[in-house]
Amino acid sequence: MSDKASTQFALRSGDPFIWLSGGALALILILLFGLFGLIGYHAAGYFWPSQVHELVKQDGSRVIGEIKVRELVPGEQDAYRIQVKQGNRKLLGADFVWLDEASVTERRPATDVLTVERTEWGRFFGYLKAVKVGDRIIEGEPAFAALESELERANSTKAEIKELSHTRLAPVAVEKAKLVRARKSASLDEAKKSRIEARLEELSTEYTNLDAQLKRLRSDLNATAVFETSSKDGAEVPVAHIVRWYQPNKLGLFGKGSVYLSRVWEFVSDAPRESNTEGGVWPAIFGTVMMVFIMSVVVSPLGVIAAIYLREYAKQGRFVSLVRISVNNLAGVPSIVFGVFGVGFFIYFLGGNIDQLFFSDKLPSPTFGTGGILWASLTLALLTLPTVIVSVEEGLAAIPRQQREAAYALGATKFEVMTRVVLPALMPSMLTGLILAIARAAGEVAPLMITGVVKLAPSMPIDGTFPFVHMERKFMHLGFHIYDVGFQSPNVDAARPMVYTTTLLLLLIVVSLNLFAVYFRNRIQKSLVSSAV
Amino acid sequence: MGQAETKHKGNGEEGQNPSSPSVLSSSLMRRLLLDTFARYFVSLGGYFVIFSILAIVLVIIVEVIPLFSPVSLIPDTSFASGSEFGAGGGMPVVPGELNAIVLDEYREVATVIDAKRAEVRSYRIAIPGADGTPSNIKQGEAIQTEAIPLLEGETLTSVSEAKAGNFLLGTSRGAVLPLSVKYTASFSGDIRTVTPEVRFLERIALLPEVPAESPSAGTSEDSGTSETKSATEVEGSEPSEAAPGSLSQSLAGVDVLSHSPSREIIVAALSSGKTLIRSEKRKRSLMGPAKVSVTLSELDLSSIVAPISELNVTSNGQLLIGGSADGVLFAADIRGGEAGEVFTLATGGTIRATALLLGEQTLVVGDEEGNVTSYALRRTMSEKKVSLRKLHSFEPHGDAIRSFSTSSRNKTFTSMAKNGELAVHYGTSGQTLADRALGAGVIDHTLTLKSDGVAILKETGTIDVLALDNPHPEATFRTLFLPVQYEGKDESELIWQSTGGSDEFEPKFSVTPLLFGTLKGTLYALLFSVPVAVLAALYTSQFMPSRIKRIVKPLVELMAALPSVVIGFLGGLWLAPRLDGYLLAVFLFPLSLIVGSIIAMSLWRQVPSSSRVAKWAGGPIAFLVFGISFGLFGAVYLGSFFEQLFFGGDIQTALRSTFGIVYDQRNSIVVGIAMGFAVVPIIFTISEDCLSSVPKGLIAASLALGANRWQTALRVVLPSASPGIFSAVMIGFGRAIGETMIVLMATGNTPLIDLSAFNGFRAMSANIAVELPEAPHGGTLYRILFLTAFLLFVFTFVVNTLSESVRLRLRKKYEAG
């Protein structure tokens, strides 16, 4: 066959078009895996300690830092430039710097350099020269050991400070504020008043004592580490600001691995630092989980009851099919519309009235009349209601008639049929519905933005102060964290790896939840097939 | 709940004690009771859910309705003050305009300037016992009377009114009397008492005083007098010491008067025909009294023949706007006490009243025929030039305009005509919102401080108070959807700009750009996703081995579950900056798809049919993934190559310079791809279901008739499933319309009306997410955002219902066939 003939044959057979349509599918798959790969690639490497280089420029000045990007200089043919994360923001002004490769005369790994992660001002790169503790100066090799021991001491002191201020000082301050408010109210007899005064006096002295203790502890955090950096003068870093330090170029695989793990642990268990661009996302994880939990508690009984009503109790007819269409349509209503409903109904109507009734002493500053975790959860419950209803209805439809009829034949009431026959068989589809609802809720951001999510919540919805669960509090959320850090952050370059990592975490949660749902659904189908046989 | 209660022993007892009927019946009763209870409980739950679905629509509608509820202007109270105003001896021709009325913010006390009796009187006007007012007051009781300190034989000739009760009274002897009316509210418990405080400050002689020998000069001469707007607040004014001798010293009454709030600038039209600008400068010194220097200058209005009838000074004292009896409007920059070039504009009828709306960029003018017109005020700071341009004509009155009153909250103003017609207008939209006839004999009217009421003073001495309910004048159908001429713009435009820097900002609530943005984003998303998804569905349903299909379909469904915030983040932060460099590659993608699939096909053909690879069911799709990846890389490479070749490596600059196209980094292409990515799985899944359900018989028949597989798929399968594909596209459309995070993150969110693919837009959904947290509860913006949410709801509901019914019909057709 000649080439021409084969082309003609190919065209006539229509195969190229079939392959083209397959190409569309391939494109979808490439996009899907590309997305996962992209996020995985950017996120997984973030915690791995990278090499620190020392670059010498033509003018003799040095730049110490991690090389992040190498790319063509815009508008040039073969000139490259590199982006260096030089850290030391307090000293140098910017975290990142672009260098033309042509201007760099020497590039060497900085063997002894330390990477220091700090609670303030971001990363720090430098050579450790000495550790100062009060008047004592430890130089040379012992300085590393001293740095380690001082860091330990600082950490324990910080823990003590935290303990003291949270569990002892805070209650005193809270009680004081309460009493001061109580003193103002007009309906007080003299005896009560003097009692309050006396207690206030006590509290004041206690407060002063605790404050003095705190001051003493704080003055204990006196160690500083002295570094040589790219700038001539060197720099001092208070040990209390150090989160973690290591010598990246000296670390072996094991050492790097342990740094990696410790940073991953910090990511999932710690609070964010540096306006959310560093540290962890624990409050966001907690907020997401708690919101999803409240939502599940609300949506599962409602969804199941509604589905049972629609399929088992309601008279099948035009009305029910209308309701069913509405429920289906509700699934297609944009999530932001649910958010708007949440604002109008939950926050301003319900919340406003609750404030009027129970929290009128705090008005005009709202308690429930503003966004909060309860309202956000209820909004999402409404949003995911159709998912649960549809899923449970499918499950109900799949339960064979005969099972029910057998139960009726044995004299069971409808209620007994429901609880003994239908509900147990319904379990997997209820679970599927709930998991799908959770997966949807975990990834939903738009309605939360207007019903109570914040970029940084000062306190968690559950904590040690009475009544322990604070449904009215604003909360953090993984999805919103992505939006906020990626788009509202003042330091986008520094924040980007954090966004990728958070994205990976969210993606893992959502995808695994969905896989669970698929698994359960398959099991239902299988069990139905086997019961039919 | 119910489950716990089911652990009753009904069945067990029945089995054990069949002989005891009492136990049986009681347990049966319990079971039946439980059953009934459960029935009610479940029904209740069902109704609750149905109700809550309805509630979503209801709550949104309830918040939107006030936006369109008509403005109400209803009589509240009316009482006779007991003293007639009306024309009297020695009064000017238009007597009423000398009398002015002000109201406290609680609408409790009205203060009236009575020119005839030279008195300032305050009345209680509140309804006794109503909402915080004491019940023992007497309505209409004059609670304070203060005489206006005029000289012997002197009469009032003009009044300049300012916001919050600051007046300047002009006299027949060329002097002005500053007057301030303040109200203080004191509370004892829930009872509120408002006390008026009327204070005259030291009189200012515009020209040196002439002995009171010839007093009649001022009063006999006359013509249109009026009051003008402006505001005052000053701590006692020192007497003027300097009066330049260059100016005419003839005795002249003050016919028209206007002043700046600080009273540092006073402009007066005198009966001698001169118009004076008095500018006072104070230098505060640390020691001793403030130094005051006064300059007087004359405004050259030689081009205007007829007497001045109206004067306005802006609150910063920099601009003077006025009108004359022959219908000429004029404006001048009077910074530094000297007038710059005087701008004049002939309008027609005799100008009877003027007022500056909030923000002082719009002038409303009322004339003898009852026309109400607004003019835009423009100024060139550097050249001391001012100009006026006509904006809107409002609904005319049947008689000459008497007075205007402007709101201090928004661009609302009221106009009152001689025949007693009162109308409420909104300056931005040029619309008249409400009107009411009150009968002839009206003198003056004023809007309350909160713009929630109007007080009208009548010649008979009656004071009428009307309640005005006008919460959302900014939102009418016209302002929401049609172009509006805004302040400072040259023509009518569609603009969304909800908040500005100051209280005087004119909100621009055109929903059209947002609607446009929503549809634009959807269009680009569908442009990308529909062909890809439908082709992929066709392939999956018709040509893919079912073993592979069972893996691929859930994968694509998983794609639908990806949080949109993730897609939006990648679109905005990863794709957008990269697209910058590889713009041409995007346009090569369709080509790369074709090339890639042809490469894959050719490679597949090279595989010997006996090899294990050829028997592998996933072979074609694996080869395709490889081929398309190759094609995409080729497109990226070629794209940058062509860009170097044709555009010198910078296509954005080339676009701007040759085609005038502005390129935004976060543009519609980015949104199209990102949102397309979110929509693809939806369209794919539903189309695939429909394509798969096309009866096998049809396909077999087509193949038997000699059509090849592609012809069958394209001409038989696709048309039969087309309603299903239509419904899939509709559902995808619905999803794209409401998508929030992707458009929020992947566009610049600028509310433009421009179909260009290279710039962004602002969608309704993203707009809600951004602006609702900042919108005050119950405000106009809040309700408009609810309106956009309602539009989104309606859009998606209609689209979903449509697609659902199409799908149902299709299913029935196949079931029947």
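Reader: What share of the 817 residues of chain B counts as buried, and what makes a residue buried rather than exposed?
Author: The share is 49%. A residue is called buried if 20 or more other C-beta atoms lie within 10 Å of its own, exposed if 12 or fewer do, and partly exposed in between, with C-beta atoms placed from the backbone. The model is predicted, and local features need pLDDT of at least 70, side-chain atom pairs count only at pLDDT 80 or more, and totals for chains, interfaces and linings use all residues. Residues are numbered from 1 along each chain as its sequence is written, while chains are lettered from A and ligands numbered from 1 in the order in which they are written.

Reader: What class does B:Asn749 fall into, and why?
Author: B:Asn749 has 18 other C-beta atoms within 10 Å, so it is partly exposed. B:Asn749 is also a residue other than glycine with a positive phi, near 60°, and it lies in the loop between α17 (741-746) and α18 (764-771) of chain B.

Reader: What makes α18(B) mostly covered?
Author: Of the 8 residues in α18(B), 6 are buried. They are B:Met764, B:Ser765, B:Ala766, B:Asn767, B:Ile768 and B:Ala769.

Reader: What makes a set of residues a nonpolar core, and which residues touch the most other members of the largest one?
Author: The set must consist of buried Ala, Val, Leu, Ile, Met, Phe, Trp, Tyr and Cys residues joined through C-beta atoms within 7 Å. The largest core has 214 residues, and those touching the most other members are A:Val340, B:Ala536, B:Ala674, B:Ile683, B:Ile742 and B:Ala789. A second, separate core of 95 residues includes B:Ala100, B:Leu156, B:Phe394 and B:Phe413.

Reader: How do you know which residues of chains A and B are in contact?
Author: Two residues are in contact if their C-beta atoms, placed from the backbone, lie within 7 Å. By that test 86 residues of chain B are in contact with 76 residues of chain A. Helix α3 (residues 21-68) of chain B gives the largest share of chain B's side, 19 residues.

Reader: What makes α7(A) kinked, and where does its end-to-end length stand against expectation?
Author: The bend at a residue is the angle between axes fitted to the seven residues ending there and the seven starting there. At A:Val299 there is a kink of about 25°, shortly before the proline A:Pro301. The expected span is 1.5 Å times one less than the number of residues. Helix α7 (residues 282-313) of chain A, with 32 residues, reaches 45 Å from its first C-alpha to its last, close to the expected 46 Å.

Note on methods
Helices (H or I, at least four residues) and strands (E, at least two) are DSSP runs, numbered from the N terminus.
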